[in-house]
Structure formats: structure tokens, C-alpha cells
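Let's walk through this model together, one interface at a time. Keep the viewer open as you read.

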Amino acid sequence: MIDFELSDEQKMVRETVGAFARERIRPAARQADESESIPQELIQQAWQLGLGREPIPEELGGFGGKRSVLTGAVAVEELAYGDLAIALHIMTPALFAFPILEVGTDEQRRTYLPLATGDEFPFVTAALMEPRFDFDPTALTTRARKIASGFTLHGAKCFVPLAGEARAFLVYAQLENGAHGFDSVKAFIVERGAKGLSLGEREKNMGLKALASYELALDLELGPESIVGGEDSSYGARLLSESRVALSAMAVGVAKAAFEYSRDYAKERHAFGAPIATKQAIAFMLAEMALEIEASRLLAWQAAVALDKGGDAIKEASCAKNYASSVALKVADNAVQILGGHGYIREHPVEMWLRNARGFAILEGVAIV
Amino acid sequence: MVDFELEPQIIERAKFYHTIAETMMRPISRYYDEHEHEEPQEFLQAMWRGALAERASGQQGEGGQRSQTARTLATAVFVEELCWGDAGLFLSIPGPGLGGAAIAAAGTPEQKERFLARFKSGEPKWGAMAITEPGCGSDSAAITTTARREGDYWVLNGTKIFCTSGQRALEKSDGFVVVWATVDKNAGRAGIKPFVVEHGTPGVSVIRVENKLGIRASDTAAILLDNCRVPLDHLLGSPEVKPERGFKDVMATFDATRPIVAAMAIGVGRAALDFVRDFLKEQKIEIRYGIRPSRMTALERDFIEMETELQAARLLTWRACWMLDRGMRNSLEASMAKAKAGLAVTRVTQKAVELMGPLGYSRKYLLEKWMRDAKINDIYEGTQQINLLIIARRILGYSSKELR
């Protein structure tokens with residue numbers, strides 16, 4: 001039955017994470033962007049919120065909660081409202097843990113989920129994206145081939161968050177098994193120090209500067225137990241959709257930040273004797289920003305609910321992500337425009353949000369929430 | 001708990017309306033587009049009889065069997081189906097219409113009973129609403145039509161235009177028009193009151209029925225009120241002039257009607273989208289969902305964008321309806337839905353014509369008609385710009401004086 005009201009638990013998550021984002025993340029965002037680093041203390045505090053380990057069983061170090069993509073979307077919207085780079089850092093362990101939780105074998109869960117839990121922020125990550133203009137997660141050029149002793153993995157990855165310190169990686173590759181598209185996308189567990197895993201330099205990107213991300217070169221031989229969920233399971237579509245919902249929600253968070261900042265500025269800034277917000281040219285921009293943010297959020301929620309009901313939501317999630325990505329970019333651009341010259345100056349956060357928002361069209365991940 | 005699935009009973013009922021759209025509206029769609037002022041008698045009679053039968057069996061209104069907790073939402077879903085059939089024919093369906101909505105929003109219980117009872121029996125009847133004047137549209141507060149009290153009557157004088165189903169209400173049935181007029185020009189908005197003007201009242205006449213770009217099956221009347229006398233109890237609600245109150249009634253009407261107009265828009269947009277989808281299917285062109293936009297064909301990009309725009313509008317619309325059903329204030333959300341839907345379907349239908357090339361432009365198909373029909377949604381019930389203005393005032397916390 002149609003309902004637009006979050007559960008009490010979801011409202012509480014929104015409130016708690018939202019308060020953390022406003023009070024702790026946002027004040028640290030500019031300095032993190034400039035220095036390209038995030039205070040370890042902040043990450044540790046964020047980890048205590050429990051977002052990355054909530055749905056992991058207690059015996060494996062989690063809180064044994066029920067996993068909900070919608071609840072996750074609500075949480076990461078708030079985090080990204082604080083700062084996108086910090087949000088992505090905070091959620092990186094989930095990139096490793098949630099796919100194993102969802103589709104891994106019991107053995108894999110027992111062995112690897114403890115690496116992604118505990119009281120200290122755990123450095124584990126995932127490698128999906130590839131350094132090609134035509135990168136597409138449904139057609140990876142990283143190849144996995146079956147051999148007698150397990151698998152070989154060849155290829156190159158980019159935008160691997162926290163790879164510099166990660167103890168373990170989930171590496172996505174196209175398994176050469178005759179299947180195509182989502183069905184042949186498999187995750188492999190690779191531990192740090194594996195022979196043939198080479199870490200590149202830390203990347204320098206236009207935005208998300210505080211997030212330490214790296215390129216990886218892969219020329220690996222892995223054991224048969226490294227393939228997540230075994231050879232016959234098919235999960236690429238669902239995992240990808242989960243991340244697309246999370247990225248949509250994060251796009252909404254960034255857009256909301258930019259909207260609110262430029263709205264407040266427009267009410268303060270006077271021109272020709274009145275606040276610029278009283279001019280229709282500005283007011284209409286803000287009105288459109290507000291309604292498109294609402295629309296993006298509803299599209300993301302619809303995809304989230306479809307996933308929570310067990311579907312793979314390929315259409316809903318990809319459409320939501322494309323929509324929310326372009327809305328975030330447009331809203332952030334409008335925010336810079338409303339601040340005019342001041343928007344271009346790094347004293348205000350809107351230029352940073354514009355750089356970060358551009359990232360959504362580029363970013364793809366796997367199961368962040 | 002957040003959920004996007006319609007109740008089974010709404011889905012079932014929507015299928016019924018879809019069948020009406022497909023079998024009773026689509027086949028006559030082109031004819032009544034080209035024969036603008038002819039009456040689709042058979043269709044109007046059938047819809048009226050259907051509505052009567054539903055009421056007789058204890059179900060309600062043109063929406064038929066609906067969930068008691070989701071009345072507006074159900075209406076939006078059904079209206080989308082009917083406008084998928086033909087928006088102009090939908091607007092011509094007999095019933096209380098916008099006039100009924102005004103009575104529901106502003107009238108006393110006794111007035112509701114008195115004026116709306118007629119829709120339970122007899123021949124087809126229409127209710128209509130007249131706000132717009134030659135000199136004022138969205139600026140409803142600038143209404144110049146006057147209501148002067150003389151003994152036991154209100155005397156109305158002025159000209160109203162763009163009154164949907166005005167001719168059917170006044171000349172073709174035992175209907176009525178709700179006319180908004182000022183009882184005190186000095187009071188501004190507070191002085192604007194709604195009056196029920198019955199068919200056949202001396203002094204009211206239809207002076208013109210407009211020729212339009214689209215929704216041609218719908219009659220759009222210009223009405224002259226020349227010393228038109230209506231009984232005192234035809235003023236809806238209280239005659240007292242309270243600051244802002246009069247206008248609040250207009251606004252309350254819009255809060256309820258804008259989401260429905262948005263749903264109408266979405267129906268037209270979906271018709272165009274389905275046309276393109278079916279055509280592509282025939283040509284064995286498959287839309288690939290889930291691949292990255294940079295790898296899509298231009299056609300895929302356009303199509304998916306159209307589809308998502310429409311879905312975004314639909315979700316905003318459903319939320320505005322859901323809020324109303326829960327008794328929540330929804331002015332902001334109703335305006336968001338209307339602004340988004342009007343613009344989205346204007347763009348979607350125009351893009352659809354482009355994508356279909358000569359087939360889209362040809363009157364052999366209905367697509368070009370839907371493009372013409374769609375445009376009205378960006379105009380009536382508050383233009384795109386007026387809705388943006390309302391949204392802007394709300395999000396900025398400005399009054400209508402501060403943000404004009």
C-alpha cells in the first residue's frame with residue numbers, strides 16, 4: 001500500500017546520522033578537502049554509529065540488525081549531506097562486507113566478515129571501476145579465467161577507496177564462463193600482499209579529494225575458494241543496484257546541502273535594495289532545485305524498496321541514479337551560480353559540492369548500503 | 001513504512017478504467033479532436049450511466065470503488081488511466097467537476113447536499129468553476145467580477161473566461177457554475193467569494209466557446225454575468241469578509257485539484273511513451289536498462305530520460321495525494337507535483353514526436369494530438385511559473401507581498 005512515511009527506526013537513523021553529519025562531518029569537510037585527508041578520530045566516531053556493521057551477525061562482530069537498503073539510503077543521504085568524500089570513506093568497509101554477507105558462502109562469511117567489523121574502523125575495500133572512458137560495470141575488462149588450481153585475474157582497477165591501507169579487497173571481474181553481462185560479473189576475495197596485486201599511486205581527482213583512492217594492477221592467481229558465492233551464483237545486478245541506490249541517495253544529500261546553502265545565502269545577500277531571493281530569477285531556480293531534490297529522493301526510495309522486497313531493480317536503480325546524478329550536478333551548479341563570484345571562491349563550500357557532484361556520473365560501486 | 005505498491009483494489013479498478021480508455025475513448029479520440037464543438041453523446045451518456053450505477057450500488061463518485069483511506073490517490077490513478085485514453089474526452093465527462101471541488105472545499109454540509117444531489121440521478125449534468133477573467137488569470141486576487149447584495153439576492157456582474165465545461169453546465173444540462181467574485185473590492189483577496197450560479201439563471205450566458213490547440217473535446221466557455229441574481233444562500237460558506245479567508249478557499253481547492261491535474265498530465269505523457277515503446281518493440285529495438293548513459297544510444301538515453309521524468313512526476317503526484325488523504329497540508333507538494341508534471345509531459349510528448357519523425361508529426365496517429373493536449377497541463381490550474389512561485393514562497397518563507 002502506497003506510503004511515504006519512514007518507520008520510526010528509519011526516522012531515528014535519519015535524526016542520529018543527520019545530527020552527526022551537521023555537527024561533526026560538515027565542519028571538517030573543507031579542511032579535509034584542502035589537506036586531502038580525514039582526521040582518523042572523525043572516522044572512528046562515525047564508525048561508532050554502526051552503519052557499516054549493523055546487519056552483520058553478532059557472532060561475526062556485527063550488531064545482528066536487519067539489513068534494509070531503504071534504511072541505508074536514508075543514512076547515506078545524511079552522511080553525504082555532511083560531506084561526500086567523508087561519507088564514502090565511512091561506508092567503504094561495507095563495500096567489502098555487504099556483498100559477502102549477502103551472497104558469500106558460510107565459510108567466506110566466517111573468515112572474512114570479522115575483518116570488516118570490530119571496534120576499530122576496518123580497512124577493507126572493493127575494486128570495481130576501471131580506468132577506461134567506456135567503463136561499464138556490466139562489461140568489465142578485468143577477466144577471471146578458471147584454471148586447475150582456481151582462477152587467474154587480469155586487469156586494471158581505479159577508484160579503489162582506501163586501497164593503501166586495506167587488508168583485503170573484493171575485486172570484480174568478468175568470469176569467462178560463457179555468460180554475459182551481469183550474470184558473469186563475479187567478486188573475488190584478494191588479501192593484501194597477494195602476489196601480482198600492485199598498488200598504484202594515490203589518485204588525484206577533481207573532487208572527493210579527501211577520499212584516498214588508488215589504482216590497482218592485477219595479475220593474480222587465486223585459489224578456488226576466492227570466488228564469492230561460488231561459480232554458479234548470479235548476483236551482479238542486485239549488488240550493482242544496491243550501490244546505485246546508495247549513490248542516488250548520496251546525490252540527494254549533496255544536492256540538499258547545496259540547495260540549503262544557496263537558499264540561505266540568497267535571503268541574506270542584497271542587490272538593488274532587496275534580498276536576491278526576492279527576484280524571480282533566483283527564486284525560480286531555488287524552487288526547481290527543491291522539487292527536483294524531492295523527485296530524486298522518491299525515485300531512490302522506490303528503487304530501495306524494490307530491492308528490499310527482493311528484486312534486482314535494475315531499471316529502477318539505474319534510472320534513479322542517472323536522474324539523481326544529473327540533479328545533483330545541476331543543483332550544485334545553480335548553487336555556485338546563485339552565489340556568483342563568491343560561489344567560485346573556496347571560502348564557500350559550493351564549489352567543492354560542484355566538484356563532488358560531478359563524480360556521481362562517474363562513480364559506480366557495489367552494495368554500499 | 002515506505003511502500004510504492006498500490007492496493008490490489010485500486011489496481012483492479014484501474015484496469016476497469018483502462019478498458020474504458022482503450023475501448024471507448026481511443027476509438028473516438030481523433031474524431032472529436034477534428035470536430036471540435038460536437039458532442040460525443042454516446043460516450044457522455046455511457047459515462048454518466050456508469051457513474052449513476054456505481055452510486056446506486058453504494059460506491060462513490062466517478063472514482064467508483066475506492067479505498068476509504070486513499071481516496072485522492074485512487075482518483076489520481078484512475079484519472080491517469082482515463083487521460084491515457086483521451087484528456088479532452090476525460091474533461092468532458094459529466095459530473096461535479098471543479099465546481100464540485102469548490103463546493104466540497106468551501107461549502108457548508110447543507111450546501112454540499114443541496115448542490116451536489118443532482119449528480120445522483122436523471123440526465124447527465126456538469127458542474128464547472130469560473131475564476132479566470134479576460135484581465136486576470138493566475139492573479140486570482142485581481143478578480144473584478146462583483147457581487148452586490150440587494151435584498152435577498154447577490155447580484156453578479158462581470159465576464160469569466162476559460163471555464164471548463166461551462167457551456168455543458170449552463171446550457172446543455174441542469175448544472176451550475178461556481179463563480180468567484182468580490183463582495184468588497186477594498187478588501188482585496190479577503191473579499192473574493194464563491195457563488196453557485198445555476199443553469200437558466202437570468203443574466204448568465206455563454207458568450208463564446210473557445211477554439212483550442214488541444215483538448216478540443218472539452219468545452220472551454222466564456223461567460224457573461226449581467227446583473228445575474230442568485231439567492232443569498234448560493235454564496236458558499238460564510239459571507240463574512242475575513243482577512244485572507246476568501247483566498248484560502250481558492251487555495252484549498254487547488255491543493256486538492258492540482259495533484260489530480262498532475263495525474264491527468266501523466267496519463268497523456270504515458271500515452272506518448274507507450275506509443276514510442278510499442279513502436280520500438282515492433283522494430284525489435286530493445287531499450288537496455290542498467291548500462292551507463294555514456295554507452296547508451298541517443299534513442300535509449302532519450303527514452304529512459306522520458307520514462308524517468310514521468311515516473312518522477314508520478315511519485316511527486318502520489319505523494320501530494322497521499323498527504324491529502326492523511327489530512328496533511330500539501331500546498332507545497334501539490335504545487336511541486338503540478339509544476340513537475342506539466343513540464344515533464346510537455347517535454348516528453350514533444351520529444352516523442354521528434355523521435356517518431358514523420359510518424360510523430362502525422363495526424364494519422366494520435367501522438368501529435370497528445371503533444372497538443374499535453375501543453376494545457378503546463379498552463380491551466382496554475383501555470384508552471386505560478387506553481388514555481390508558490391514553491392519558492394514556501395521554501396523561502398516569503399509572503400505573496402515579499403515575493404511577487
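R326(B) and D3(A) join their side chains in a salt bridge, with N and O 4.0 Å apart; the term stands for a side-chain nitrogen of Lys or Arg within 4 Å of a carboxyl oxygen of Asp or Glu. Between chain A and chain B the count is nine salt bridges. Before going further, please keep in mind that this is a predicted model, in which local features need pLDDT of at least 70 and side-chain atom pairs count only at pLDDT 80 or more, while totals for chains, interfaces and linings use all residues. Residues are numbered from 1 along each chain as its sequence is written, chains are lettered from A and ligands numbered from 1 in the order in which they are written, and side-chain values use heavy atoms, leaving out hydrogens and water.

How much area do chain A and chain B bury between them? The figure is about 4300 Å², with 64% of it on carbon and sulfur atoms; buried area here is the accessible area (1.4 Å probe) that two parts lose on being put together, summed over both. On the chain A side, M1(A), I2(A) and F4(A) lose the most area to chain B, together 17% of what that side buries. In terms of contact (heavy atoms within 4.5 Å), 50 residues of chain A meet 42 residues of chain B.

Now turn to chain B by itself. Its domain assignment, which is automatic or from a database, gives domain 1 (8-95), domain 2 (119-242) and domain 3 (246-396). The C-alpha centres of domain 1 of chain B and domain 3 of chain B are 20 Å apart, and their contact takes 24 residues from domain 1 of chain B and 22 residues from domain 3 of chain B.

To see a salt bridge within chain B, find R372(B) and D33(B), whose closest N and O atoms are 2.8 Å apart.
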